[in-house]
Number of protein chains: 2
Amino acid sequence: MSDIRILLVDDHPVVRAGLRAMLADFPGVTVVAEASDGDAALVELSKLNTLGEPVDLVLMDLQMGSGMDGVTATEKIKAGEAGNPPPPVLILTTYDTDADILAAVEAGASGYMLKDAPPEQIRQAVLSAAAGQTALAPEVAARLMGRIRNPSPALSGREVQLLELLATGMSNRAMAKQLFISEATVKTHLVHIYSKLGVDNRTAAIAVATQRRIIRGH
Amino acid sequence: MSDIRILLVDDHPVVRAGLRAMLADFPGVTVVAEASDGDAALVELSKLNTLGEPVDLVLMDLQMGSGMDGVTATEKIKAGEAGNPPPPVLILTTYDTDADILAAVEAGASGYMLKDAPPEQIRQAVLSAAAGQTALAPEVAARLMGRIRNPSPALSGREVQLLELLATGMSNRAMAKQLFISEATVKTHLVHIYSKLGVDNRTAAIAVATQRRIIRGH
DNA sequence: AGGGCGATCATCCAAATGGTTGATTCGGGT
DNA sequence: ACCCGAATCAACCATTTGGATGATCGCCCT
């Protein structure tokens with residue numbers, strides 16, 4: 001059987017070099033192309049497809065400095081826009097936040113590994129993913145379990161709206177005026193937000209909401 | 001003249017492999033040791049020192065998942081605890097926020113490069129740093145320049161530190177305990193921060209500081 | 001028809017935060 | 001020797017925020 005043909009996607013030349021070197025040590029896999037962001041990845045995919053040399057696995061970072069991010073790219077790949085059938089996508093990234101994992105899984109990723117994983121773990125993940133199986137880093141799997149056991153209550157639309165204003169530094173009074181409601185109502189919403197996020201003041205709420213990507217953080 | 005002897009410090013095996021591969025392509029440099037965090041780095045340094053084979057340059061990430069972080073490690077290296085004279089430290093990291101840069105420079109780093117830099121830029125930085133010169137990434141240098149041209153009153157190191165804790169949602173009391181200072185002092189710092197940033201409460205301060213990339217917006 | 005939930009508002013009280021003034025210490029620079 | 005800014009702390013008071021409780025209204029769902 002021929003080698004597993006891999007497309008590397010990462011905006012850091014250093015990381016690409018590392019993966020290339022690491023994968024070169026694994027028998028049975030070959031890096032056939034590289035890209036520095038999602039746009040370039042899609043181009044590479046379709047190019048290789050028309051050449052009749054489709055890739056078997058996309059190994060991609062989620063955070064890309066510029067260009068299309070990993071989640072969007074995963075969605076597009078899975079939509080089949082760049083060759084049929086779409087190859088499995090293995091996410092290899094730095095962060096293991098709930099929001100990141102969730103987004104990746106929802107976008108159709110076949111696996112989620114962390115960059116600080118030992119080479120052997122990465123090798124296993126690459127092989128499983130290429131074989132069509134799911135490969136999750138132990139840390140990630142554990143986190144998902146915790147998430148299922150501890151479902152954090154969803155914020156209502158109004159609450160998210162409050163949270164967004166809150167993150168701009170507005171006072172209760174300012175938010176009340178902006179939303180045409182009373183300060184009392186603002187306070188009620190805030191109390192609900194705090195209890196849902198498990199915090200007890202506004203700055204902590206912003207910190208948690210930002211970290212969970214409930215609101216934008218920059 | 002003999003090769004520049006380098007110690008690699010990064011908690012990601014992938015990144016270490018990448019740097020190793022990249023540096024192998026540069027003539028005149030040799031990676032003599034690797035470490036996954038600050039503690040291990042100090043051990044390696046003193047070990048090589050007693051062997052009479054001191055390193056000429058430490059190439060280190062700032063963010064280390066576990067163990068001693070890069071800033072602390074830089075301080076210790078510069079304090080000469082791990083061999084005399086202390087080698088220059090070149091920071092190679094992912095983020096270019098003021099807080100990170102400030103901390104690294106204050107800790108005595110000789111340079112600050114971003115991981116998404118092209119190999120050639122990294123090569124130049126390695127050579128300059130090993131030669132005892134300062135090497136800043138263009139993005140970083142530009143940021144510092146803009147800071148100078150835009151005389152928005154500079155925050156002191158302590159103030160930035162406060163701001164970082166603030167952004168995690170800590171109360172005045174919590175910050176006071178964490179920094180071993182009184183709440184009165186915390187409040188004084190906050191007042192200074194507010195006036196320098198042109199705001200009048202903590203959440204607004206976080207919003208502005210994040211926008212200006214004084215701190216990381218997660 | 002009734003139950004649940006989101007959104008709205010009020011009141012009362014406690015705790016945290018913000019604003020002001022003033023003071024001390026320490027280090028760097030003229 | 002002198003000045004200045006950073007960092008430290010204190011005391012005071014006004015304002016804001018947080019927490020508890022309770023209430024009304026409208027909507028969706030069964």
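Predicted model: local features only at pLDDT ≥ 70, side-chain atom pairs only at ≥ 80, totals over all residues.
Let me start at one end of a sheet, where two bridges join strand S5 (residues 111-114) of chain B to S6(B), the two running parallel. In S6(B), Ala135(B) is the bridge partner of Gly111(B). For this talk, two strands pair if DSSP finds at least two bridges between them, and the elements themselves are DSSP runs numbered from the N terminus, a helix being H or I with at least four residues and a strand being E with at least two.

Residues are numbered from 1 along each chain as its sequence is written, chains are lettered from A and ligands numbered from 1 in the order in which they are written, and side-chain values use heavy atoms, with hydrogens and water left out.

Back to the sheet of chain B, which is open and has six strands in the order S2-S1-S3-S4-S5-S6, with parallel pairing. Strand S2 (29-35) and strand S6 (135-136) of chain B stand at the edges with a single partner strand each, so one side of each has no neighbour in the sheet.

Turning to chain A, its secondary structure comes to ten helices and six strands. Of its 218 residues, 48% count as buried, where buried means under 20% relative accessible area, exposed means over 50%, and partly exposed is in between, using a 1.4 Å probe and protein chains only. Among the contacts in chain A with a separation of 6 or more, 62% come from residues 24 or more positions apart, a contact being heavy atoms within 4.5 Å.

How do the two chains meet? The contact takes 34 residues from chain A and 33 residues from chain B. Together they bury about 2300 Å², of which 69% is on carbon and sulfur atoms; buried area here is the accessible area (1.4 Å probe) that two parts lose on being put together, summed over both. His12(A), Val14(A) and Thr203(A) supply 24% of the area that chain A buries against chain B, more than any other three residues.

Between chain A and chain B there are zero salt bridges, but four residue pairs are in polar contact, both residues being at pLDDT 80 or more. A polar contact is a pair of N or O atoms within 3.5 Å; within protein, one must be able to donate a hydrogen and the other to accept it, and residues adjacent in sequence count only if both atoms are side-chain atoms.

On the side of chain A that touches chain B, helix H1 (13-24), helix H5 (119-130), helix H7 (157-167) and helix H10 (202-211) of chain A each supply at least two residues. H1(A) gives the most, with eight residues. That side divides into 18 nonpolar, eleven polar and five charged residues; Ala, Val, Leu, Ile, Met, Phe, Trp, Tyr, Cys and Pro count as nonpolar, Asp, Glu, Lys and Arg as charged, and the others, Gly among them, as polar.

Now to the charged pairs. Over all chains the count comes to 18 salt bridges, each defined as a side-chain nitrogen of Lys or Arg within 4 Å of a carboxyl oxygen of Asp or Glu. One of them joins the side chains of Lys115(A) and Asp61(A), at 3.0 Å from N to O. This pair links distant parts of the chain, 54 residues apart, with Lys115(A) in the loop between strand S5 (111-114) and H5 of chain A, and Asp61(A) in the loop between strand S3 (57-60) and helix H3 (70-78) of chain A. Lys115(A) counts as buried at 2% relative accessibility, and Asp61(A) is buried at 2% as well. Asp10(A), Asp61(A) and Lys115(A) are linked in a network of salt bridges.

In chain B, Asp10(B) is found in the loop between strand S1 (4-9) and helix H1 (13-24), and counts as buried at 2% relative accessibility. Its side chain makes a polar contact of 3.1 Å with that of Lys115(B).

Phe180(A) lies in the loop between helix H8 (172-179) and helix H9 (183-197) of chain A, and is exposed, with a relative accessible area of 77%.
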